[in-house]
Amino acid sequence: MSALILTLKQLPLGRLDLSPLMPALVSGDISELAALPLQIATQKIPLGELFSVSGSDASQIVLQGDLSRVDGIGAAMQSGSLNVEGNVGAYLGTGLLGGEIHVQGDVGHFAGVAMRKGTIRIKGNAGDYLGGILPGAMQGMAGGQIIVLGDVGERCGDRMRRGAILIGGKVGDYAGSRMLAGTIAAFGGAGKHAGYGMRRGTLMIRGEIHLDATFADCGEHILPITNLLFRSWVKLGSPFGDAAGKSSPVHRFMGDRGADGKGEILLFK
Amino acid sequence: MLTLLKGGKIVDPTRKLSSVSGDLFMRDGWIVEGPNPGERIDEEIDITGRIVMAGAIDMHTHIGGGKVNIARNMLPEDHRFDPVHRAGLCRSGCGHAAPSTLTTGYRYAAMGYTAGFEPAMLPVNARQAHLEMGDTPIIDKGAYVMLGSDDFLLRLMREGASQERINDYVGFTIASSQALGLKVVNPGGISDFKFNRRALDLDEAHSHYNVTARQIVYTLARALHELKVPHPLHIHASNLGVPGNFQTTLDTITGAEGFPIHLTHIQFHSYGTEGDRKFSSEAAKIAEAINNNPHVSADVGQIMFGQTVTCSGDSMTQHRNAGFGSPKKSVIMDIECDAGCGVVPFKYKDKNFVNALQWAVGLEIFLRVEDPWRIFLTTDHPNGAPFTSYPHLIRLLMDKTFRNDALSRINPDAAAMSTLDSIDREYTLDEIAIMTRSAPAKILGLKDCGHLGPGARADVVVYKEDSDPEKMFTAPEYVFKNGTMVAKNGDIVAVTWGDVHVVKPQFDRSIEKPLGEYFDRHLTQKLGNFKISDDEIRDITNGGGLRVHACERDGRTV
């Protein structure tokens with residue numbers, strides 16, 4: 001069987017919500033895919049009118065075309081792989097339950113929000129609320145891994161509960177805001193107010209950072225756990241593997257003391 | 001315009017018609033006897049063999065007012081899995097437990113409901129409630145205004161004011177808030193909560209006003225009787241959800257001393273303290289009390305398993321239950337000394353002993369109350385379950401095998417505590433029509449609703465008969481509201497705007513003098529702004545009308 005390839009033919013004005021795709025593939029027949037109604041702006045259009053469909057293996061999906069106005073790609077995906085050859089819109093991999101999503105380009109806001117399991121790999125940059133929370137929910141990302149080679153927007157890992165977000169570039173303002181647990185590592189520095197309102201969890205930052213006054217300086221430490229972590233990232237390549245093998249100390253800050261104060265920011269070299 | 005529905009089987013308990021084949025004529029929104037001599041029939045719809053009933057009436061459903069809006073705001077995670085996109089004639093909204101106003105109207109209409117009554121409108125919040133209900137399409141609306149924990153009434157009672165004075169205040173409140181009835185919620189308890197009381201029994205005196213819940217119930221029930229308001233006092237009794245509260249409920253029945261009362265969501269008030277877990281069903285005793293007291297009616301407030309949100313004026317109870325909230329969030333607030341408000345999301349689980357027994361208690365009450373004219377089909381939307389679960393509930397009542405199957409899947413300890421499996425009763429189609437149409441119209445005093453006789457509003461539902469009542473009641477073939485076909489096989493085909501039903505009891509206007517002084521001194525608005533005029537109601541109903549029902553009532557039954 002060959003990979004299921006969906007190529008965007010044309011996109012009318014407005015944003016397309018592709019989130020019904022994955023649940024439809026799990027419950028329905030692939031032959032009925034072309035009839036799947038998709039919401040775009042105020043109208044519902046069958047998938048077949050927007051995408052040309054080829055292949056039949058729903059465990060390997062390839063999306064082609066300019067998907068920068070397509071939201072909810074890979075939402076609620078449970079297994080298999082999804083490759084996107086370009087930029088995508090918002091809500092990539094919302095509520096991901098398993099499998100791998102690869103994006104060659106940039107992703108919009110809210111990628112990986114409320115994800116539970118699985119992996120999202122992004123070659124380009126990501127928008128705000130990466131691995132964050134859906135509006136009004138109690139918890140953000142609760143498991144799995146997000147790996148971004150480029151930069152990330154604001155509020156990365158907002159109310160994150162578990163899992164890891166690895167960022168090759170810079171993470172924006174309010175990284176790890178209101179975080180409950182989990183790990184965020186950025187290799188290109190962080191913006192303002194990192195860890196704002198974080199209760200527990202770990203932010204690991206290499207490079208420039210502005211720390212808020214609500215974080216307490218706990219001094220430099222050599223922590224065995226960081227060495228284990230760095231070593232586990234070697235297989236991800238540069239820059240994630242760069243810190244491995246050096247037993248250099250990390251500078252530890254505890255906070256946010258305006259919240260529970262059990263979170264930590266580790267600055268590493 | 002004259003429309004003929006030809007050859008349906010008419011089920012109209014008000015006129016004692018049980019699946020009688022016949023024709024139904026509708027002219028300009030009303031049901032008529034037949035064409036005038038020489039009149040042409042403009043439209044003829046062949047419904048041979050179909051079941052025809054009046055539009056269903058939900059006499060207790062939280063569809064407007066501040067607490068519903070809080071519930072809507074509070075549960076984005078619930079709306080997220082039931083998005084309502086703009087489609088055809090229908091505008092977008094949100095769904096599941098606390099749907100948006102628009103979705104509420106569409107979904108009720110598609111299910112064959114043509115009227116819904118908001119049971120807990122706070123006087124001070126009445127304008128907001130009417131605005132929300134005015135934004136609910138298709139169905140008719142109305143509301144019961146809430147008294148019983150408000151400062152002014154409790155002051156009157158403490159001072160020993162005469163019944164006439166209290167009647168004036170009740171009449172003023174109903175008329176100026178444009179209500180159809182009066183509700184009392186946890187009499188005195190919502191107020192005493194603010195004096196740090198966490199439970200208030202029927203005969204305990206309020207710690208500040210020294211008035212008991214029993215006195216409040218009696219005074220208000222009597223006031224409505226003397227004002228001749230058709231709907232008796234709508235009582236959300238004390239001790240909601242507390243094990244052993246069946247005794248409070250029985251005492252509330254006697255406390256009304258023969259004045260007609262309506263006990264609402266009685267399922268939540270029928271618990272005993274038997275068994276290892278000190279929680280048991282006393283449905284049999286409650287049902288017996290209803291059977292023996294013809295002045296008492298009740299709606300059930302059945303729970304259904306799944307996610308919902310409880311919203312109530314009973315801040316005392318909701319404060320107690322806030323810890324059980326799922327997802328864990330809640331709002332408990334006071335509303336300008338008028339009453340309270342508590343919103344707690346809740347997930348009823350079939351494997352949970354308490355929830356499973358609650359489910360069985362509700363069904364036991366349905367099946368043990370013999371007179372369908374005095375028991376009403378509600379889930380206390382959204383407190384027990386969203387109203388969209390009514391077809392499922394109807395099947396549970398009409399199909400014993402289906403019910404026992406469901407019983408075998410719930411928590412086995414709860415199933416063992418229940419006598420549900422020993423009840424053979426199955427509701428007939430006529431009885432369902434009584435409890436969802438004829439009886440609500442009768443108890444609310446809506447003379448032109450709930451039946452298909454000439455002179456009634458042309459709210460007509462045509463069902464395709466099906467061995468599965470759930471399927472039959474989910475998507476009727478045709479729904480007519482005021483003579484316009486609004487839904488067809490579950491799809492909305494026209495969006496109209498329903499009327500607002502009110503009563504205008506007679507009272508002595510001199511009550512406005514002390515009230516005006518009270519408003520100036522204690523409240524955030526002037527008395528003049530508090531009152532809602534008829535024109536204002538007409539303005540905010542999107543073209544729906546204002547229907548005033550006569551205040552007349554038969555004598556005391558006991």
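How many cavities of 30 Å³ or more does the count come to? The count comes to four.

## Basis

This is a predicted model, where local features need pLDDT of at least 70, side-chain atom pairs count only at pLDDT 80 or more, and totals for chains, interfaces and linings use all residues. Residues are numbered from 1 along each chain as its sequence is written, chains are lettered from A and ligands numbered from 1 in the order in which they are written, and side-chain values use heavy atoms, with hydrogens and water left out.

## Cavities

A cavity is a set of points, on a 1 Å grid over the protein atoms alone, where a 1.4 Å probe fits but cannot get out. Grid points are joined across faces, edges and corners, and a volume is the space filled by probe spheres set on the points. The largest cavity has a volume of about 150 Å³.

Its lining has 17 residues (lining: an atom within 4 Å of a point). Nearest the centre lie B:Tyr169, B:Asp338, B:Tyr518, B:Phe519 and B:Leu523. Helices α5 (151-158), α6 (163-176) and α18 (512-522) of chain B each supply at least two lining residues. Helices (H or I, at least four residues) and strands (E, at least two) are DSSP runs, numbered from the N terminus. By class, the lining of the largest cavity holds 12 nonpolar residues, one polar and four charged. Ala, Val, Leu, Ile, Met, Phe, Trp, Tyr, Cys and Pro count as nonpolar, Asp, Glu, Lys and Arg as charged, and the others, Gly among them, as polar.

B:Pro514 belongs to α18 of chain B. B:Pro514 is partly exposed, at 32% relative accessible area. Buried means under 20%, exposed over 50%, and partly exposed in between (1.4 Å probe, protein chains only). Beyond four places in sequence, B:Pro514 touches B:Phe152 and B:Arg165 (contact: heavy atoms within 4.5 Å). B:Pro514 and B:Phe152 are 362 residues apart in sequence, yet 9.9 Å apart C-alpha to C-alpha.

## Largest pocket

A pocket is an open set with protein on both sides within 12 Å along at least five of seven lines. The largest pocket contains about 1,400 Å³ of space. It is lined by 36 residues, and A:Thr94, A:Leu134, B:Glu77, B:Arg80 and B:Phe81 are closest to its centre. Two or more lining residues come from each of β3 (37-40) of chain A and α2 (76-80) of chain B. α2(B) gives the most, with five. The lining of this pocket divides into 17 nonpolar, 10 polar and nine charged residues.

## Nonpolar cores

A nonpolar core is a set of buried Ala, Val, Leu, Ile, Met, Phe, Trp, Tyr and Cys residues joined through side-chain atoms within 4.5 Å. The largest has 143 residues, and B:Val170, B:Leu233, B:Trp359 and B:Phe366 touch the most other members. Helix α12 (residues 353-368) of chain B brings the largest share, 10 residues. A second, separate core of 60 residues includes A:Leu16, A:Ala126, A:Ala194 and A:Leu203.

In α3 (residues 224-232) of chain A, A:Thr226, A:Asn227 and A:Phe230 are buried. They lie on the same side of α3(A) because they cover an arc of only 100° around the axis. The arc is that of the directions from the helix axis to the C-beta atoms. On the other side, A:Pro224, A:Ile225, A:Leu228 and A:Arg231 are exposed.

A:Phe187 sits in the loop between β13 (183-186) and β14 of chain A. A:Phe187 is buried, at 5% relative accessible area.
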